[in-house]
Amino acid sequence: MTATDRKDHEEQTYDVVVAGGGPVGLFLAGELRLGGARVLVVERLAEVDVTIKAGGINTAGAVALYRRGLLPELAEAWERNRWRLQAFLGDRGADAARTPPKFAGHFAGIMMRGDLFDASDPAFADIGPADRVGLGVPQADLERILAARAERLGVEVRRGVELTGFDTDGGSVVVHLDGGEDVRAGWLVGCDGGRSTVRKLAGFDFPGSDPEITGYQAVVEMSGGERLGKGWNTTDVGTYVNGPFPGRILTVEFDGPPADRSAPITADELQAALRRVSGVPEVTVHEVHSSTRFTDNARQASTYRRGRVLLAGDAAHVHSPFGGQGLNLGLGDALNLGWKLAAVAQGRAPESLLDSYTAERHPVGAWVLDWTRAQVAVMRPDRHARALRRVVTDLALTREGTTYLVGQISGVRQRYDLPGEHPLTGGSAPDLEFSDGTRLGDRLHDGRAVLFDLADDPKLRARAEEYGDRVDVVTALCPGRPELTGLLVRPDGFAAWAADGDDDRGDGLDDALTRWFVAAAG
């Protein structure tokens, strides 16, 4: 950090301003605070948005939250919501409520059968207790959990406050808020949704594909609903969903995007769409409790950083909601960015560390966009798409097909292209169970990097000493993985280095420590 940078830092009120206080913005703020950054979150809405949105957290998302000590809150949220599932599905719902399944989900409404899933697939090994929660947690509940965490960590959150503009000024950003207040910070992160003000004002490119559908998702009071099929239903017009709890409906029509996505949604509008798609003229919508429109507009910023402005979540990428990937993709962005930006903002790492944010997360976002586009292609009502759907259904209802699809949907196959040949390197670290009864996830609550010495090797531990408090060292025995002698886990829970036996217990570890934490030694 130069003298000029140091002076700018001292004059800043905050290290980072996060625009957007939804789950992604709040999770990112918490990660930044764990790294020591001073954070302000500004959120346009005065209260938590209870509009019906994503209804589940996939396995990768649940693992991230578990590694920050949030598993009990997730489990409690699941308990509060599981009774709606039971009431709607009867005996079948009771079984699901008693034993929450692995996150399986669907592909274009083709549901995955649990009895066809191959649990021995290595991708699902050592996930730990996070494998059993998340699926039934509404987004509003997750937002409340993350807001409480942010408050505990000392994040300042201002609700009912909107970013109206910003200017970059040397080594800082001056953020303009409604009401005429200006706030100076080192960095600005846009987590302000698909219509991001930050993205537009900063001039990020946002290429992609135009929408071809109009979709509605709502919670309503209706009569005639008993004539609707439960779950996902495909018709000659499009697709509709009834459930998984009473009054929740979703419709998809391939008639182009809506003329005005922001216009109020009426009961008559929802009723007309549901009747058209379902072919059930008796269904009548009496009252709308929550509703939203959506399309399959699929776009992604070409880079997630321009100078001192970064993007995360829907501000960086938008797509259809099919498969429930959006929320989990955003949580992954926040987890990846938080520790890196905190280190840079605090002067512990060079700005070049932030290059790895786009390099690692952009390919994941591009994959999600294609995954949702593929589902739209299979859902179209034309003859060719219906023929393709039958083929995909046949493949999905095989052991190999189900396991592949569940692996993709759950996020457990997600990897980063990191140096090193060990099979664990670049993937989410396995939730190892140690001889003292603790697990790897228990050691990551503070958001710090950890070098696990699994062979009681003083030389291995000594290699981390020069990195000070940036890398914790844990010596432990792991009976379940006796071949594993060392593991370096980044703050985001991804393995930066691993070794079996005496293999690569030298230069490979030094290179990984230097790559991610070298500034701490200086």
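**View 1. Buried R308 and its salt-bridge partner.** In this predicted model, R308 is buried, at a relative accessible area of 15%. Its side chain meets that of E351 in a salt bridge, 3.3 Å from N to O. The two sit 43 residues apart: R308 in the loop between β16 (305-306) and β17 (309-311), E351 in the loop between α9 (326-345) and α10. E351 is partly exposed, with a relative accessible area of 36%. Zoom out a bit and there's a network of salt bridges linking R305, R308, E351 and D355.

**View 2. A salt bridge between two helices, E73 with R152.** Here the closest N and O atoms are 3.9 Å apart. E73 belongs to helix α4 (residues 71-89) and R152 to helix α6 (residues 139-153), so the pair ties together parts that are 79 residues apart in sequence. E73 is partly exposed at 25% relative accessible area, while R152 is exposed at 54%.

View 3. Two bridges join β15 (residues 298-300) to β18, and Q300 has H317 as its bridge partner in β18.

**View 4. A nonpolar patch on the surface.** L388, V391 and L395 make up this one, with about 270 Å² of accessible area together. L388 is found in helix α11 (residues 383-396) and is partly exposed, at 39% relative accessible area.

Technical notes:
Residues numbered from 1 in each chain as written. Predicted model: local features only at pLDDT ≥ 70, side-chain atom pairs only at ≥ 80, totals over all residues. Heavy atoms only, no water. Patch = residues over 30% accessible without salt bridge, like charges linked within 9 Å, V, L, I, M, F, W, Y side chains within 5 Å. Areas by Shrake-Rupley, 256 points an atom, 1.4 Å probe, with all protein chains shown as cover. Salt bridge = Lys/Arg side-chain N within 4 Å of Asp/Glu carboxyl O. Helix = DSSP H or I, 4+ residues; strand = E, 2+ residues; numbered from the N terminus. Buried < 20%, exposed > 50% of the residue type's maximum accessible area, 1.4 Å probe, protein only. Pairing = 2+ DSSP bridges.
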